[in-house]
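Hi,

Here is the structure I promised to pass on. Have a look at it first, and then read on for what turned up.

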Amino acid sequence: MHDETRLIHSSAQGPAFAGLSTPLVRASTVTFPTVDSFLRRQEQFYEGFTYALYGHPVARELETRLTALAGGRHTIAVPSGLAAITLALLATLRQGDHVLVPDTVYGPARTVCVGFLPGLGIETTFYDPLKAEGVQELLGHRTKLVWVETPGSLTMEIQDLPAIAALAHARGCLVAVDNSWASSLLHKPLQLGADIVVEALSKHVGGHSDLILGTVTVADETLFRRLKDTARFLGYGASPDDCWLALRGLESLGPRVRQQESSALELARWLAEHPAVAQVLHPAMATHQGHDIWLRDFQGSSGVFSVIFRPVPDAALHHAIEGLELFRLGASFGGVHSLVAPSNPRPSRSVVPWTAEGSLVRFSIGLEHPADLIADLDRALGSLPTAVA
Ligand SMILES: *Cc1c(COP(=O)(O)O)cnc(C)c1O
């Protein structure tokens, strides 16, 4: 054998290495022992391995653990949370179909509904997330899917998922839930009536702001096959490296989210008393819209909440935010670094106008000590005028 060949064909098969972590397997090609098994590889498409685009051992391990956490039967890992949303929409909707979407849906998902689905002949109606019974009159004979996101992006409205699911199912519609705020640790939509759960693993599961990944989880076998087929048509596959990072994140999800929950509550309560703050939007606060439903349906709160400041000149608020030292300015949430994201819900509301006068800032609390975070806020917010000019 020549060196060139020897470099490629390793025959060394030592004893199995029993590391505690899931081995990182990088591959495109999957090999087969016989011609027959190779020619019949399509039969392995849903459960086995045929080509790494359609599944590999690291994704499978991640999918298995997330399926157990969500109380489902199958999970499909895809390249992003947004890809998970698009996959759920495209697998359940056809030309001529209609979907109901909450007015408070994640912004890029609204853009998909407004800018992409119409070209496929799929119509979206946005609905008031706080009026579960209002869904009834919007359900038409072409409605195939009701989307739920609870709490709503930025403004944190808690939706009555069991009530919405009952109305949708009575009309033969599927229900999909974006569970990114809570993760399956704190909220199990499949047990509350949902058929499909999507989650951005880029947030809590990844947990370190260094990966982009999403999942779709279902309890129904037929639905799983439709989703898996659609993922194949779209060429959606998740990279082994990202799945490996998500698996690592999963192992510390519990203590991270619990610490973030407790720090966020401490900060939210402190902010609620601050003279520059008009309102804190946090599902675990008794004054919050849908707090009773949150108590009933969730097992806790994550470190993500929003604050409406009293009206001040934009420049003053921007100056205060830029004066923060521990909080960094950026989108996303669920990482170990605390983040602030000034946001304006007004242009992305078509059913329930956003009428708050002051600016909204979303906070994602990380793993810094809460006392240091409060000191940082105290110093930076001290520059804000507290009386309305
Ligand atoms: C971030 C986010 C997504 C999208 O996740 P990506 O992985 O960033 O594409 C979807 N839904 C919600 C509610 C999110 O916050």
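A quick definition to start with: a polar contact is a pair of N or O atoms within 3.5 Å; within protein, one must be able to donate a hydrogen and the other to accept it, and residues adjacent in sequence count only if both atoms are side-chain atoms. Also, this is a predicted model, so local features need pLDDT of at least 70 and side-chain atom pairs count only at pLDDT 80 or more, while totals for chains, interfaces and linings use all residues. Residues are numbered from 1 along each chain as its sequence is written, and side-chain values use heavy atoms, with hydrogens and water left out.

On to the ligand. A polar backbone atom of Leu 82 is 2.9 Å from an oxygen atom of the ligand. Asp 178 has a side-chain N or O atom 2.6 Å from a ligand nitrogen, and a polar side-chain atom of Lys 203 is 2.6 Å from a ligand oxygen. The protein buries 89% of the 380 Å² that the ligand exposes when taken alone (Shrake-Rupley accessible areas with a 1.4 Å probe; for residues, only the protein chains shown count as cover).

There are 15 residues around the ligand, and Gly 81, Leu 82, Asp 178, Ser 202 and Lys 203 come nearest (near means a heavy atom within 4 Å). By class, this shell has seven nonpolar, five polar and three charged residues (Ala, Val, Leu, Ile, Met, Phe, Trp, Tyr, Cys and Pro count as nonpolar, Asp, Glu, Lys and Arg as charged, and the others, Gly among them, as polar). Helix H4, residues 81–92, gives the most to the shell, with three residues (helices, H or I, are DSSP runs of at least four residues and strands, E, of at least two, numbered from the N terminus).

Now the pockets and cavities. On a 1 Å grid over the protein atoms alone, a cavity is a set of points where a 1.4 Å probe fits but cannot get out; a pocket is an open set with protein on both sides within 12 Å along at least five of seven lines, and lining residues have an atom within 4 Å of a point. Grid points are joined across faces, edges and corners, and a volume is the space filled by probe spheres set on the points.

Where does the ligand sit? In the largest pocket, meaning that more than half of its atoms lie within 2 Å of the grid points. That pocket holds about 630 Å³ of space. Its lining has 37 residues, with Tyr 106, Ser 153, Lys 203, Phe 333 and Arg 362 nearest the centre. H4, helix H5 (107–115) and strand E6 (196–200) each supply at least two of the lining residues.

The second largest pocket has a volume of about 350 Å³. Of its 19 lining residues, Leu 130, Thr 155, Glu 157, Gln 289 and Trp 354 lie nearest its centre, and strand E8 (277–281) gives the most, with three residues.

As for cavities, the count comes to four of 30 Å³ or more. The largest cavity has a volume of about 130 Å³ and is lined by 16 residues, with Leu 53, Tyr 54, Gly 55, Ala 77 and Lys 228 nearest its centre. About 50 Å³ lies in the second largest cavity, where E6 gives the most to the lining, with three residues.

Cheers
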